[in-house]
Amino acid sequence: MTVAFFSGKGRRIGVALGAVSAGLLVLSACDKPTPLATVTVGDDSVSSEAACYNDGKALKRSEAEKCLNKEAEKTVEVGMTDTVHFGVDPEVADNGWTLFIDGRNAEQEPFKKTYRSISGSAFFSSQTGEAAAKNTQISVVETKGNDVIGIWHFKLEKTD
């Protein structure tokens, strides 16, 4: 003969408390994801977490410089007449962000909105008349004053 130590209601409460405890344990073991940056061209959209991020705190200058040289893992195809749309999470926009092209700062002032559009030709045009590159690495760099907070990389591949 089996003796019930808990009533049906008591067992349900115990199971619920156990599930909540397990859920909290799993969440405490996870790292908070970094904010996302997204590049969209036509119907193709690619999002990425930061290549370098220190939980919203400034990266060391040497770490930021090293990170700018990392190879992009995400690729988007871009035609010369396409429009490239960049988007960032609101917390990135609050600090400000700028674009780097092949590791070089392409803008004077940080942008403070979550979304912007730029013509694809801007990334592949050659100023000197030489043949334009087939690939360009674009880095979205979150800044706060003179500090670099995060860096996201995307490779733009020119289509014919």
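How far apart are the sulfur atoms of Cys52 and Cys67? Select both residues. This is a predicted model, and in it the two sulfurs are 2.0 Å apart, forming a disulfide. The count of disulfides comes to one. Now look along the S-S bond. The angle about the bond is 110 degrees, and the link of Cys52 and Cys67 is right-handed. Cys52 belongs to strand β3 and Cys67 to helix α2, so the pair ties together parts 15 residues apart in sequence. Buried or exposed? Both Cys52 and Cys67 are buried.

**Helix α2**

Next, select residues 61-68, which make up helix α2. Colour Ala64, Cys67 and Leu68: these are the buried residues of α2. Turn the view until you look down the helix axis. The buried residues of α2 fall within an arc of 100 degrees, so they line one face of the helix. Now pick Ser62 and Lys66. Both are exposed, on the face of α2 turned away from its buried side. What covers the buried residues of α2? Show β3 (52-53), β6 (97-101), β9 and β10 (147-158), which are included in that cover.

**Thr136 in β9**

Stay with β9 and select residues 135-144. Thr136 is found in this strand. Its relative accessible area is 3%, under the 20% cut-off, so Thr136 counts as buried. Show its side chain. The side chain of Thr136 reaches the backbone oxygen of Phe123 at 3.1 Å. Then display what surrounds Thr136. Leaving aside neighbours within four places in sequence, Thr136 is in contact with Ile101, Asp102, Phe123, Phe124, Phe154, Lys155 and Leu156.

Strands of a sheet pair through backbone hydrogen bonds, so show the backbone atoms here. For the last stop, select Thr40 and His85. Thr40 stands opposite His85, which is in β5.

Definitions and conventions
Residues numbered from 1 in each chain as written. Predicted model: local features only at pLDDT ≥ 70, side-chain atom pairs only at ≥ 80, totals over all residues. Heavy atoms only, no water. Pairing = 2+ DSSP bridges. Helix = DSSP H or I, 4+ residues; strand = E, 2+ residues; numbered from the N terminus. Buried < 20%, exposed > 50% of the residue type's maximum accessible area, 1.4 Å probe, protein only. Polar contact = N/O pair within 3.5 Å; in protein donor to acceptor, adjacent residues only side chain to side chain. Contact = heavy atoms within 4.5 Å. Arc of directions from axis to C-beta. Disulfide = S-S within 2.5 Å.
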